[in-house]
Amino acid sequence: MTIRVLLAEDQTMFRGAMATLLGLEPDIEVVADVGRGDEVVSACEAFRPDLALLDIEMPGIDGLEAARRLAKAVPGTRVVIVTTFGRTGYLHAAMAAGAAGFLLKDAPVTELADAIRKVAAGQRVIDPSLAIAALSEGASPLTPRETDVLAAARGHGTIADIARQLYLSPGTVRNHLSAAIQKLGARTRTEAVEIAEQKGWLV
């Protein structure tokens, strides 16, 4: 059985190298590659790959949103996230989006090929060190609304700016920011944003 794979990666050189290396595997065929997240669903609808390898940061939409859309549009295509961002928050988000695998780009191609075979066979594959970190760290302590407010605070806007952006009152924004800062053990909202970003909770 040949496993049909789609690659979604915005770095052309890396995408080409990955396609070439995977093409050397006797049971893996790269049937399509795209450089934008918003091209993933249409390409999978056209080529019907068994598996899609998605980067997280891509133009159009990111790989996590592409995975969510792909799960609805082409549920027969399984998803593996391959990224440089070894953050537990991204891992949680990827699993919630329906991904069956999560690997880091510095993994050797033999490991990636083995992961492709396992996922195609119905298994889940997660980078071992990241899986241990995710288990020990747990999920984000922030509520969805606290996450929205903290994400909006990344732009360094005023309380009024964030309130207008999220259609909330300034008092509600202050309350959510205060709660997020306390939960993350931060001293300022800037520090809270940095902590949440490092853990991948502001996706």
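**Labels and their grounds**

Mentor: Start with Asp55. Leaving aside residues up to four places away in sequence, Asp55 touches Ala8, Glu9, Asp10, Gly63, Val82, Thr83 and Lys105. The model is predicted.

Trainee: What makes Asp55 count as buried?

Mentor: Its relative accessibility is 5%. Buried means under 20%, so Asp55 qualifies. Asp55 sits in the loop between strand 3 and helix 3.

Trainee: For which feature does UniProt list Asp55?

Mentor: The UniProt record, an unreviewed entry, lists Asp55 for "modified residue: 4-aspartylphosphate". Such annotations may be inferred rather than shown by experiment. Over residues 4-120 the chain is 44% helix and 22% strand. The end C-alpha atoms of that stretch are 9 Å apart.

Trainee: Why are Arg68 and Glu65 called partly exposed?

Mentor: The class runs between under 20% and over 50%. Arg68 has a relative accessible area of 34%, so it is partly exposed. Glu65, at 25%, is partly exposed as well.

Trainee: How do you know that Arg15 and Asp33 form a salt bridge?

Mentor: The closest N and O atoms of Arg15 and Asp33 are 2.8 Å apart. The rule asks for a nitrogen of Lys or Arg within 4 Å of a carboxyl oxygen of Asp or Glu, so the pair passes. Arg15 is in helix 1 and Asp33 in strand 2, 18 residues apart, and the pair links distant parts of the chain. By this rule the count comes to 14 salt bridges.

Trainee: Are Arg15 and Asp33 buried or partly exposed?

Mentor: Arg15 has a relative accessible area of 13%, so it is buried. Asp33 stands at 42%, so it is partly exposed.

Trainee: What do the side chains of Glu25 and Arg117 meet in?

Mentor: A salt bridge, at 2.6 Å from N to O. Glu25 lies in the loop between helix 1 and strand 2, and Arg117 in helix 5 (residues 109-120), so the pair ties together parts 92 residues apart in sequence. Glu25 is at 18% relative accessibility, so it counts as buried. Arg117 is at 27%, so it counts as partly exposed.

Trainee: How many bridges join strand 1 to strand 2?

Mentor: There are 6 bridges, and the two strands run parallel. Leu6 has Ala32 in strand 2 as its bridge partner.

Trainee: What makes the unit of strand 1, helix 1 and strand 2 right-handed?

Mentor: Point the strands away from you and follow the path from the first strand over the helix to the second; clockwise means right-handed. Strand 1, helix 1 and strand 2 make a right-handed β-α-β unit.

Trainee: Which residues of helix 7 are buried?

Mentor: In helix 7 (residues 144-152), they are Glu146, Thr147, Val149, Leu150 and Ala152. Their cover includes helix 8 (159-166), helix 9 (170-183) and helix 10 (189-198).

Trainee: Why is Thr143 called partly exposed?

Mentor: Its relative accessible area is 30%, so it is partly exposed. Thr143 lies in the loop between helix 6 (128-137) and helix 7. The C-alpha atoms of Thr143 and Ala179 are separated by 9.5 Å, and the two are 36 residues apart along the chain.

Technical notes:
Residues numbered from 1 in each chain as written. Predicted model: local features only at pLDDT ≥ 70, side-chain atom pairs only at ≥ 80, totals over all residues. Heavy atoms only, no water. Helix = DSSP H or I, 4+ residues; strand = E, 2+ residues; numbered from the N terminus. Buried < 20%, exposed > 50% of the residue type's maximum accessible area, 1.4 Å probe, protein only. Contact = heavy atoms within 4.5 Å. Pairing = 2+ DSSP bridges.
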